[in-house]
Amino acid sequence: MIIYGKQIVLYALEHHSHRICELYLAKDIEPKLFTKIKSCHKPILRLDSKKAQALARGGNHQGILARITPLESTPLTSIKHYRKILVLCGISDMGNIGGIFRSAYALGAQAIIITQIKSPKIEQILRTSSGAAFALPFCVVANTLDCINELKMAGFSLYGADMCGENVARFTPAQKWALFLGDESQGLYDKIAKKLDKMLSIQMHNGFDSLNVSVAAGIMMAYLDSNKG
């Protein structure tokens with residue numbers, strides 16, 4: 001797996017250096033940064049611009065890339081042992097998923113389940129999460145309804161995000177919960193929403209009724225954590 005860009009590579013060097021296999025430089029960098037890269041004792045290879053662009057698939061690599069061991073999905077059986085998880089239903093924008101990973105890691109969610117997406121682009125999620133996806137367990141589940149049944153049997157209370165739900169600011173969650181989030185255009189499908197225990201919403205002002213899904217996820221997680229019994 002290739003990661004690229006100064007911020008994510010330096011984060012990996014500092015916090016997850018065991019995952020780095022090789023480092024690639026496509027331009028000269030300042031001596032202080034080179035010393036830091038060299039201190040990780042990993043192979044450092046020089047690349048020409050064309051090769052670097054190919055590895056980054058046209059992304060802005062800023063002259064620094066790394067090959068890392070692939071991130072592996074955590075089995076659902078293990079994720080069911082956590083108490084606070086998110087379930088992403090049909091969210092296809094990898095930038096939004098990465099933003100949710102970032103907020104989830106910062107706000108204390110313990111795992112993420114991705115559903116209704118066959119092959120999420122883990123490299124993009126890792127980069128847009130600013131490295132949070134390195135540390136946050138996740139799994140990919142094809143069938144959301146099967147996931148719901150598994151979580152119910154494991155003792156989770158299931159909450160969904162919906163504009164018509166109960167105000168999350170006044171809601172006290174169970175000790176073990178899963179928050180379901182749908183895509184921005186359609187939200188949660190009815191057949192999913194009907195299986196959940198409670199629908200929750202964010203009270204908004206000024207007649208505005210739309211939030212980016214990653215922003216909404218962060219707000220809801222903050223309330224669920226602060227309102228815990």
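**Notes on helix H10 and its surroundings**

1. Let us start with helix H10 and its packing. The buried residues of H10 pack against S5, helix H5 (94-107), strand S8 (157-167), strand S9 (177-182) and S10. Contact here means heavy atoms within 4.5 Å. Helices (H or I, at least four residues) and strands (E, at least two) are DSSP runs, numbered from the N terminus.

2. A word on the model before going on. This is a predicted model, in which local features need pLDDT of at least 70 and side-chain atom pairs count only at pLDDT 80 or more, while totals for chains, interfaces and linings use all residues. Residues are numbered from 1 along each chain as its sequence is written, and side-chain values use heavy atoms, with hydrogens and water left out.

3. Which residues of H10 are buried? They are Val213, Ser214, Ala216, Ala217, Gly218, Met220, Met221 and Leu224. Buried means under 20% relative accessible area, exposed means over 50%, and partly exposed is in between (1.4 Å probe, protein chains only). As for its length, H10 has 14 residues and spans 20 Å from its first C-alpha to its last, close to the 20 Å expected at 1.5 Å a residue. That expected span is 1.5 Å times one less than the number of residues.

4. Now look at Ser201, found in strand S10. Ser201 counts as buried because its relative accessibility is 9%. Its side chain reaches the backbone oxygen of Gly165 at 2.8 Å. For such a polar contact, a pair of N or O atoms must lie within 3.5 Å; within protein, one must be able to donate a hydrogen and the other to accept it, and residues adjacent in sequence count only if both atoms are side-chain atoms. Leaving aside residues up to four places away in sequence, Ser201 touches Asp162, Met163, Gly165, Glu166, Asn167, Val168 and Met220. You have already met Met220 as one of the buried residues of H10.

5. Next comes the surface. Met204, Leu211 and Val215 make a nonpolar surface patch of about 210 Å². Patches are made of residues with over 30% relative accessible area and no salt bridge; like charges are joined within 9 Å, and nonpolar side chains (Val, Leu, Ile, Met, Phe, Trp, Tyr) within 5 Å. The areas come from the Shrake-Rupley method with a 1.4 Å probe, and for residues only the protein chains shown count as cover. Met204 sits in the loop between strand S10 (198-201) and helix H10 (213-226). Since its relative accessibility is 32%, Met204 counts as partly exposed.

6. How many salt bridges does a search of the whole structure find? There are 6. A salt bridge is a side-chain nitrogen of Lys or Arg within 4 Å of a carboxyl oxygen of Asp or Glu. Side chains of opposite charge can pair when their charged atoms come close.

7. Asp225 lies in helix H10 and Lys84 in strand S5, so the pair ties together parts that are 141 residues apart in sequence. Asp225 is partly exposed at 26% relative accessible area, whereas Lys84 is buried at 12%.

8. Another salt bridge joins Lys80 and Glu150 (2.7 Å, N to O). This pair links distant parts of the chain, 70 residues apart: Lys80 is in the loop between helix H4 (76-79) and strand S5 (84-89), and Glu150 is in helix H8 (residues 144-153). Lys80 is buried, with a relative accessible area of 19%, while Glu150 counts as partly exposed at 32%.

9. Glu22 and Arg67 also form a salt bridge, with their closest N and O atoms 3.7 Å apart. Glu22 is in strand S2 (residues 20-25) and Arg67 in strand S4 (residues 64-68), so distant parts of the chain, 45 residues apart, are linked. Arg67 is partly exposed, with a relative accessible area of 33%.

10. Finally, check two backbone angles. Arg57, in the loop between helix H3 (49-55) and S4, has a phi near 55°, a positive value in a residue other than glycine. Is Arg57 buried or exposed? Arg57 is exposed, with a relative accessible area of 73%. Gln116 has a phi near 65°, again a positive value in a residue other than glycine, and lies in the loop between strand S6 (111-115) and helix H6 (122-128).
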